[in-house]
Structures are given as structure tokens and as C-alpha cells.
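Thanks for coming, everyone. I'd like to walk you through one model today, starting with charges and then moving on to nonpolar packing.

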Amino acid sequence: MNAAAAALFAAALLIRVLVSISPYSGAQTPPKYGDYEAQRHWMELTTNLPVQQWYKDGPDNDPKYWPLDYPPLSGYQSYAHGLFVKQFDPAAVALHSSRGYETYFSKQLLRWTVILSDLLIFFPAAYLASAVFSSDSSSPAAAAASPQQQQRQQLFVLAAVLLQPASIIVDHGHFQYNCISLALAVLAAVAIAKRKDVLGSVLFCLSLNHKQMGLFYAPAFFAHLLGRCLQQLTYTGKVLGVARLGVTVIATFVVCWSPWLTSLDSALQVLHRIFPVGRGLFEDYLANFWCVTSVFIKWKSLASNAALMPVCAGLTVLAALPSMVQQVLQPSPKGLLLGMANSAFAFFMLSYQVHEKSILLPLLPITLLAASEPDCAIWGPAIASFSMYPLLVRDGVSLAYTATIVLYLLVITALVPTKGVQPVTLGSRCGRLLAAAGCAGTVLLHLLQALVPPPQRLPWLHDRLFVSYSFVFIAGAMLYLNWRQWNQQGSSSASKAKTK
């Protein structure tokens, strides 16, 4: 690691520490508080109850008070973090009596569990990914770059991933552990790009078993790996390749779920918790199709949850299908990242029970694509953060929101590779024009919210404007990246050459 990368790591760590000083979700707002209390409560449950009871309703596991509703790896993570917290402040995870426990010391302990998770898991994953994905092999200009230019390119990708404001604000301001599942997805993509398909499959299954939002990437990984298997020269090779990966996936899930596979009821209880379909089509304000169009079409009143779920599933598959087909036909490392972005966009836009924080899923591969899509990597995180502003302002992290976006834009634009590495294209010109208009619009909407109160009969007006405005740019990015995936240069020939 060179001095510039070390300085970037130090800056990224410092930013996370400073953001952690901010308020958090549900601070001092009983009776249920917020996501901070949910994470603390899961530490309480996992360190005091047998593993078989983590997902089972009972007197010590109230289903109405932040039940554990993430997959098993999140439970194991809560257990490990709970043991850490218990060593220093046992009262913070004491069964029953710790509800709403918010001492200064306990809050610092929990904040540091997120920071250490980021530092020990996400930072190394980001560094490895920057080394693997910083060179766009399909670009003649990138292939001819000097060692200094390549080093700057890697630093640019690393900065895009580590300083991306939306993830920092959600994990270290709002309070969550998205860095773990996202890091596992990054490592899976790195392993597969290095042609270690079994290892990549294990890592992706672990990501999926940490947070069910990993499903957003499932079509991309499935299509890419299937495409790789189909490139084998013989029919036997194709079948064995698929079988090997299938066994890998099943074995990984069996290991993660083993405590709950002793009976069908136990396994179903976990599934019921992690897929709470009764919550509805969407929550709060987010920049997806269902929320934005609900101003005109009252989807939740028009149809029941049972009727909406298959509609959402069908539309999501249709939206992800073009990207999947491209990877089955022409699998490539860059195509995998584009597929991850497009698959995640399809889920974010059209799937059932989406949260505003789910925008982090398409954002991750967009930052990994910084070498070939610098404009998306520069402006995408700013728009994504803007789309979450209705949530972030409720959490009291407006200052951190503003500071991280401004700092990100200052650093990332200073690190943009030279023209010799990144040729100017029609896409880049359009991207810069849209970025300029987009930034001007976000500033105007912030000024409007600050200076003009909403009408009494429309108290939600500003929130609607924020997510609707963001929706336009997110939908545009989805269309653009799908187009880019089908117009890669040399992906087919390069992939086939490696297979031979």
C-alpha cells in the first residue's frame, strides 16, 4: 500500500469517527426508539437466549419489540458484538432491563462496533476491489496507461468506494451494519473476477445470509456464473460446473442455518421473520416507482399485499432480465459489476417491501465501476444521499449529510484520472450535463424546504419533491447502465479467451 492509499484509509476512518458523533435513528424517542435500539436489542437477545430461540416468539423475545428479522449471519454478528459490549458494559445487553439503554458509554461502544466492522471487513474488501477493478480492460486508453496513471486510477476507485457518503451516513449516523454484507458482496465479485467461482459463491451466500437485501444482487451473480459454466467446451463440463456451484450454495446455507434445520417449524419461523410480507409495499418516502407514483395511484388501497407481491416479483424479474441475458451470453468482470448495479436497480425500483436505504445496493457497484464510469461514480452517491434526506433529517444528521457529500465531491473530483486514461464520450458529456442540472436542482430544493413551509393540507410536499426528483435521476441511471452493459467493448472475446 502506498502513502496516498494509507492517507485515504486514515481520512475514511476519521470521517466515520466524526459522523458517529451525530445523533442516530430513534435517539431518546420511546417506546420503540429506532434502528440503534433494534441493533442493541438483537445483541441483548443473542447473548442471553439459546441460538434456537433467536427467531422464536416468546416471553423473552417479544415479536412486537424489534424482533430479529435479518438472516442468521446477522444474528451471529449481533452475538459477537454483544459479547464485546458485555465485556465493558453488561447492563447495555441485560435481558429485559436494557430496553432503551442509552448511556454515553454504551453508545460509544456500539458506535465502535460499526467502525471496527468497517475497518476490519469493508476497508480490506475495498482495497482488493480497487486493485482488481481499477483497470478497464475493454478501454484501449486504459490499457495503455502508465504505471502512475494506473496508480491514480486505483486511488480514484478506492476513494469512490471508501468515501461514498450514503453508506457512511446510514451506518455511522443512522446506525446499521450494511458495511458487512456489502463487503462480502464486494469480496464475492473480486473472487469471481479472479476466476475463483466457488469462493465467490460462498462469499455471496454469506452476504445474502447477513442481510436479505443481498437478493438484489442474486440475478447478477446467478447469470454471470451460469454464463461462465456454459462457456465450458463440453456438455459434461457445463453440467459439472453448474452442479459444483449448486452444491457450494446449498452447503453454505446449511452451515449458516444449521441451528434451525432441526425441524420444519424452526426453519419456517426464521423465514417468516426475515420476509415480513405484512409490512406492505414500501415504507416511508423513497425514490422508487411505487412510492413516487402513489401520489396518483393509491397502490396500497387498490390491491392487497397478497395481490401486489406477485406483481412486484414479475416486474422486478422483467426489469432485471436484459442484464441477466447479457451476462449469460457474455460474462465478464465489468459485466458482473454492471449486472449487480442493474439487478439492484430493478429490485429497488419495483420489488416489494423496499426501504429508502436500499439505494446503497446499486450504489456499491457504481462506485466499483469508477474506472469506466467516472461520472456515475462521482454524482451517483450525491443523488443517492439526497434521495434519503427525508429519513436523514428525521435522524438529525443533516450536518453530517452535508459535510460528507461536499467532502466526497471535493476529493473525488480532485482524483479524476487524466484525459489520457478516460476519453471523452457521448455518455460522459451527457452525464456531466445531467450532473450539473441535478446538483443545481438539489440545492434549489433544499433552499425551498428551508425558506418555504409546505401548505397545511400537504405537509409531505417537500419529502415528495425530494424523492420524486431523485427518482428521475435514478431511473435515468438504470436505463443508462443497462445500455452500457449491452454495449461493452470486447467483453465477449476477452471472456472466451480466458476460458480457453
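By salt bridge I mean a side-chain nitrogen of Lys or Arg within 4 Å of a carboxyl oxygen of Asp or Glu. Before I go further: this is a predicted model, where local features need pLDDT of at least 70, side-chain atom pairs count only at pLDDT 80 or more, and totals for chains, interfaces and linings use all residues. Residues are numbered from 1 along each chain as its sequence is written, and side-chain values use heavy atoms, with hydrogens and water left out.

Back to that pair. R40 and E44 are about one helical turn apart, because they sit 4 residues from each other in helix 2. When I number helices or strands, those are DSSP runs counted from the N terminus: H or I with at least four residues for helices, E with at least two for strands.

Is R40 buried or exposed? R40 is buried, because its relative accessible area is 1%. E44 also has a relative accessible area of 1%, so E44 counts as buried. The cut-offs here are under 20% relative accessible area for buried, over 50% for exposed, and partly exposed in between, with a 1.4 Å probe and protein chains only.

R40 has another partner: a salt bridge to E37, with the closest N and O atoms 2.9 Å apart. Helix 2 covers residues 35–48, and since R40 and E37 are 3 residues apart in it, about one helical turn separates them. R40 and E37 are both buried. Put together, E37, R40 and E44 form a network of salt bridges. As background, side chains of opposite charge can pair when their charged atoms come close.

How many salt bridges does the structure hold? There are 9. One more that I'd like to show is R228 with D197, where the closest N and O atoms are 2.6 Å apart. That pair links distant parts of the chain, with R228 in helix 10 (residues 218–230) and D197 in helix 9 (residues 197–210), 31 residues apart. R228 is buried because its relative accessible area is 6%, and D197, at 10% relative accessibility, counts as buried too.

**Into the core**

Now the nonpolar side. A nonpolar core here is a set of buried Ala, Val, Leu, Ile, Met, Phe, Trp, Tyr and Cys residues joined through side-chain atoms within 4.5 Å. The largest one has 126 residues, and those touching the most other members are F122, L162, Y217, F221, L281, M340 and I474. Helix 8 (residues 178–193) gives the largest share of this core, 13 residues. Apart from it lies another core, of 15 residues, including L49, W54, Y70 and W260.

Let's zoom in on F122, which is in helix 4. F122 counts as buried because its relative accessibility is 6%. Which residues is F122 in contact with, leaving aside neighbours within four places in sequence? They are R16, S117, V161, L162, C179, L182, A183 and L364, with contact meaning heavy atoms within 4.5 Å. F122 and I180 are 58 residues apart along the chain, yet 6.5 Å separates their C-alpha atoms.

Y217 is next. With residues up to four places away in sequence not counted, Y217 touches L182, A185, F204, M340, S343, A344, L360, L361, L364 and P365. F204, one of those, is found in helix 9 and is buried, because its relative accessible area is 9%.

**Annotated spans**

Finally, the record. The unreviewed UniProt entry has a "transmembrane region" annotation covering residues 109–133, 175–193, 239–260, 305–324, 336–354, 398–418, 430–452 and 464–483. The positions are in the numbering used here, feature names are shortened, and annotations may be inferred rather than shown by experiment. What does the model have at residues 305–324? The span is 100% helix and 0% strand, with its end C-alpha atoms 27 Å apart. Residues 464–483 are likewise 100% helix and 0% strand, and their end C-alpha atoms lie 29 Å apart.
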